[in-house]
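Have the structure open while you read.

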Amino acid sequence: MTINEIQDELIEEFNDIDDWMDRYAYIIDMGNALDPMPEEYKTPQYLIEGCQSRAWLHADLNQEGTVVFKADSDAIIVKGIISMLLRVLSGHTPAEIADADLYFVDKIGLAENLSPTRSNGLAALVKQMKLYALAYKAKLEAEGKN
């Protein structure tokens, strides 16, 4: 699936949930279903700056040339937001991630229903994911693989 197809799928899922308390519960459920992040990545090196709670992000470029993200947070809502971002971006090429317009955040009403500090954390997380993608894209181009 493309990044936009996954975003559209998420938007559809949220369209079926009217109440924001139920939407938060769904986000929390998604976070609880997130694969555990290896402890070796829960270090200051992978900590997201600008996030009110503690959140970590790690990225690997696999043999297929796609980026695989691993992330976690000590806050349940943030962990749910992370799970959505991983679902949308993980497994795509660096170029696809770098060029992605993450419209699902606005379409599901997430941006307007987060506190300013959580919004800053979301922006910091997206920025770091795109920076990883840009770094891997440059690496692939330098190796003549892109």
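1. First, the term: a salt bridge here is a side-chain nitrogen of Lys or Arg within 4 Å of a carboxyl oxygen of Asp or Glu. E39 and K42 make one through their side chains, at 3.5 Å from N to O. This is a predicted model, where local features need pLDDT of at least 70 and side-chain atom pairs count only at pLDDT 80 or more, while totals for chains, interfaces and linings use all residues. Residues are numbered from 1 along each chain as its sequence is written, and side-chain values use heavy atoms, with hydrogens and water left out.

2. How exposed are the partners? Buried means under 20% relative accessible area, exposed over 50% and partly exposed in between (1.4 Å probe, protein chains only). E39 is exposed at 57%, whereas K42 is partly exposed at 25%.

3. D72 pairs with K79, their closest N and O atoms being 3.4 Å apart. D72 is buried, with 7% relative accessibility, while K79 is partly exposed at 21%. Salt bridges link E39, K42, D72 and K79 in a network.

4. Have a look at E143 and K139 too: their salt bridge has its closest N and O atoms 4.0 Å apart. E143 is partly exposed at 40%, and K139 is partly exposed at 42%.

5. How many salt bridges does a search of the whole structure find? The count is eight.

6. For the overall picture, buried residues make up 47% of the 146 in the protein chain. The C-alpha atoms fill a box of roughly 50 × 35 × 25 Å along the principal axes.
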